[in-house]
Amino acid sequence: MPSAPASPSTARAINDRLALRLLQEEGPLTAGQLKRLTGLSRPTVADLVERLQGAGLVRVVGESGAERRGPNARLYGIVADRAHLAALDVRLRGVTVTVTDLLGAPLAEEAAPIGGDTGTGPAVERAAALLERTVREAGATRLHTVGIGAPGLIDPATGTLRDSAGLPAWHRRLVTALRERVPATVLVENETNLAAVAELREGAARDRDTFVLLWLGHGVGAAVVLDGALRRGASGGAGEIGFLPVPGTGGLPSATDCSGGFHALAGSAAVRALAGGYGIEAAGGDEEGEPAGAVAVRAALGRLTAGGAGAEAARAGAAGTEMAGAEAAGAFLDALAERVALGAAAVSAVLDPGCVVLGGELGHAGGAVLAARVEDRLAALSPLRTEVRASTLGGAAVLRGALLTARDAAQDALFGAPPAR
């Protein structure tokens, strides 16, 4: 049965949303360019431009071409300072905040460490004060939407961060405090899910609508994107692969402890220990800052690069110590790839995503070299063809995903939500 034609108000909303999307993606446009790109009639475009100007969403930002003057040459652009957004990346030992305009252009960014011995109240106050200070530095009078990325489970029914064993109490309290303290919409999402959003929109998975992101950092996790949509699971726990039972851990995980699961193989502490067995030290790695495992992976890649030159020297009769270092580095990366492939194989067997992105600090540090090794091992473990890619955003993906989520929500509120498909 054919669907009923859209009402005039619905048609106007669809046209307005289309024009705003084009202005966001293409930048300032003339009415003639909007007519060509939308396929709408000249009177319809004139009406929507007048309507959007009246709503304070669009304004004249210049003229197109020195040879053209008058109304037809006016360039219309989105009023980017109509609303300001904030994104927070909340980690175990610190917070990073960025404030942007409505289009996502950065205005100010700050970070602050929060030590493990900091009490819940002082930790919440420090994080909230950091947000307020960054907002002032950005010159924003008030925020429209705040996006928060944090470790742990998000209750799909309430949208709140759930209590999780091993995570600081101030994480959950911070979300509540900001909702009480900041006159803005406050959204919270699991950090790995936000990293997947960023990789989907702007990173390694831009050309995929189905993939799994494996987060390799202090801990491990996964985010599932199917048909372009993030899948959270019935309780918000889809992707908690730190609890995945895998061989090689010497035990099994429990409901409250993932030390016998995949975390024991691929978490930063385990990777650091693995590297030490091959004589690779994680110099400068700190479990309260950058994951030591990421430092070890970079050190191994550095040895591989040096080993190429060392091999030439050895052929000329020089000592082959650099080559020996490269061999150890290669063996370490092979062993790490074996471990990561175990988790990737389990995910592939259940979801058949066709693509796995290695995210987090370790995945980003390993780059294409580690991704290629994991893909080779995965091909031997699974009959399902699965491409393995390295993150292009690394640890910055969480903050970027939080910002994209906040921007989408704010634009839906101000521009009108996109029509249902």
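Predicted model: local features only at pLDDT ≥ 70, side-chain atom pairs only at ≥ 80, totals over all residues.
Student: What is the order of the strands in the open sheet that includes β3?

Tutor: The order is β5-β4-β3-β6-β7, five strands with mixed pairing. Two strands count as paired if DSSP finds at least two bridges between them. Strands (E, at least two residues) and helices (H or I, at least four residues) are DSSP runs, numbered from the N terminus.

Student: How many bridges join β3 to β6?

Tutor: Five, and the two strands run parallel. In this pair, D89 stands opposite G149 in β6.

Student: And which strands does α5 touch when it packs on the sheet?

Tutor: Helix α5 touches β3, β4, β6 and β7, and its direction makes about 165 degrees with that of β3. Contact means heavy atoms within 4.5 Å. Another helix, α6 (residues 191-202), lies across β3, β6 and β7, at about 95 degrees to β7.

Student: Back to α5. Which of its residues are buried?

Tutor: W170, H171, L174, V175, A177 and L178. Buried means under 20% relative accessible area, exposed over 50%, and partly exposed in between (1.4 Å probe, protein chains only). The cover over those residues includes β3 (84-91), β4 (94-101), α4 (120-137), β6 (145-150) and β7 (185-190).

Student: Is I154 buried or exposed?

Tutor: I154 has a relative accessible area of 7%, so it is buried. Its place is in the loop between β6 and α5. Its C-alpha is 6.3 Å from that of E189, although the two residues are 35 apart along the chain. Among the residues that I154 touches are L161, V188, E189 and S235.

Student: New topic: what is the order of the open sheet that holds β8?

Tutor: That sheet of five strands goes β10-β9-β8-β11-β12, also with mixed pairing. Its edges are β10 (229-231) and β12 (387-390), each with a single partner strand, so one side of each is left without a neighbour in the sheet. Neighbouring strands are turned by 25 degrees against each other on average, direction ignored.

Student: In which sense do β8 and β11 pair?

Tutor: In the parallel sense, over four bridges between β8 (residues 211-216) and β11 (residues 355-359). W215 stands opposite G359 in β11. In general, strands of a sheet pair through backbone hydrogen bonds, either parallel or antiparallel.

Student: Which residues touch the most other members of the largest nonpolar core?

Tutor: Of its 44 residues, those are L214, V297, F332, L336, L358 and V374. Helix α10 (residues 321-351) gives the most to this core, with 11 residues. A nonpolar core is a set of buried Ala, Val, Leu, Ile, Met, Phe, Trp, Tyr and Cys residues joined through side-chain atoms within 4.5 Å. A second, separate core of 33 residues includes L88, I154, L161 and L174.

Student: One last thing. Where is D227?

Tutor: D227 lies in the loop between β9 (220-226) and β10. At 61% relative accessibility, D227 counts as exposed. D227 has a positive phi of about 55 degrees although it is not a glycine. Most residues other than glycine have a negative phi.

Student: And where is D352 found?

Tutor: D352 is in the loop between α10 and β11. Its phi is positive too, at about 50 degrees, and D352 is not a glycine. With 42% relative accessibility, D352 counts as partly exposed.

How values were computed
Residues numbered from 1 in each chain as written. Heavy atoms only, no water. Axes fitted to C-alpha atoms, helices over the stretch in contact; angles between N-to-C directions. Lists of a residue's contacts leave out its neighbours within four places in sequence.
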